[in-house]
Amino acid sequence: MSILFKGRSQGASSRKIGFVQSIVMFFVSHIRQALSSLGELWRQPAASLMTIGVLGLSITLPSTLYIMVKNTEKITAGWEQASEISLFLKPDISAASSQQLVARLNTWEEIDSVVFIPADDALKEFQHLSGLGDAIAYLQSNPLPDVVLVTPIDKHATPNAAKTLLDKLKQQREVDIGKLDIEWLERLYAVIDIASDLVTFIGILLFFAVVLIIGNTIRLNILNKHDEIVVMKLVGATDAFIHRPFLYTGFWYGLLGGLMAWFAVIIILWWMDSSIQTFAAMYQKDFNITGLTGTALLTMLGLSITLGVLGSLISVQRHVRQIEPK
């Protein structure tokens, strides 16, 4: 009985060791083939650098445009005055009624702040800015009305939402004219939307081109190893084993191309930084380009690796299967 139990125990132990060894050998095989693929790229530096350069530059353009568009959106999001609404009150409105309007508007959830400008203060500011000086003193009465400046919250600061709020404000009994100078902002938003669509379209075209270039490069590698693949199939190598080195080649192309794109984006934005700072100084603003984060790096690497492996996979699935021993 003890002998039988001992035999079963040894059999289970051997199966366990065999299972562990198979897992270890699986990873060892992958590591060996990955390093072998990297070594082949190293042995052909000129051809490898050309392919990596094409992949990297193809990712650089849409990545740079994307970062610039996102930074532009960040700038416009900070322009609260872009959707500021000016309410010109009726001439016969008393000061008490004006204050009641201001207090009422401060309770609206769509409004962030309300500023009341009396007509006398508006005339003094106009006299100072216009340079007319003593000429205004000859006016028999103040032609300017009281003004209320309304700044919506961020949710209602977009052109369409601000227009809706303006129509609601015009219905107030104290308001004579409501003004929202937002046409330029609508044009800016339209340009940003076009730029976003253009970046997406350019990115899709360039990514498709990368897949084709990687696929053609892997196809040439497969043709150069035609005899080797035939021998491997004759000795019983599986398709997965034959495909793996070419897929790792696409992986290395993608990884190195993504790193090249990352450094290229850094250099481009560094080169543009002085011009951007000069432009921002004209508006007395401090602006720093954002977007070069670790998340962006991982995104670029993930995208480039995906493109490299995808191009390799398409080429391998098509061309390796056509090679059969005769």
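Here is a quick walk through the confidence, cores and sheet of this structure.

This is a predicted model, with a mean pLDDT of 76 and 74% of residues at 70 or more. Take care with residues 1-14: pLDDT stays under 50 there, and the model gives that stretch 0 contacts beyond four places in sequence.

**Nonpolar cores**

The largest nonpolar core has 31 residues, and Ile218, Ile222 and Ile229 have the most contacts inside it. Helices H1, H2, H6, H7, H8 and H9 each put in at least two residues. H8 gives the largest share, with 9 residues. As for Ile229, its contacts beyond four places in sequence are Ile222, Ile242, Phe246, Val320 and Ile323. Another core, of 17 residues, lies apart from this one; Leu89, Val150, Ala162 and Leu166 are among its members.

**The sheet**

Four strands make up an open, antiparallel sheet, ordered E2-E3-E1-E4. E2 and E4 sit at the edges with a single partner strand each, so one side of each has no neighbour in the sheet. On average, neighbouring strands are turned by 20° against each other, direction ignored.

| Strand | Residues |
|---|---|
| E1 | 85-89 |
| E2 | 111-117 |
| E3 | 147-152 |
| E4 | 175-179 |

E2 and E3 pair over 6 bridges in the antiparallel sense, and Val115 stands opposite Leu149 of E3. What lies across the strands? Helix H3, residues 95-105, lies across E1, E2, E3 and E4. Relative to E2, helix H3 runs at about 165°.

Technical notes
Residues are numbered from 1 along each chain as its sequence is written. This is a predicted model: local features need pLDDT of at least 70, side-chain atom pairs count only at pLDDT 80 or more; totals for chains, interfaces and linings use all residues. Side-chain values use heavy atoms; hydrogens and water are left out. pLDDT is the predictor's confidence in each residue, from 0 to 100. Contact means heavy atoms within 4.5 Å. A nonpolar core is a set of buried Ala, Val, Leu, Ile, Met, Phe, Trp, Tyr and Cys residues joined through side-chain atoms within 4.5 Å. Buried means under 20% relative accessible area, exposed over 50%, partly exposed in between (1.4 Å probe, protein chains only). Two strands pair if DSSP finds at least two bridges between them. Axes are lines fitted to C-alpha atoms, for helices over the stretch in contact, and angles run from 0 to 180 degrees between N-to-C directions.
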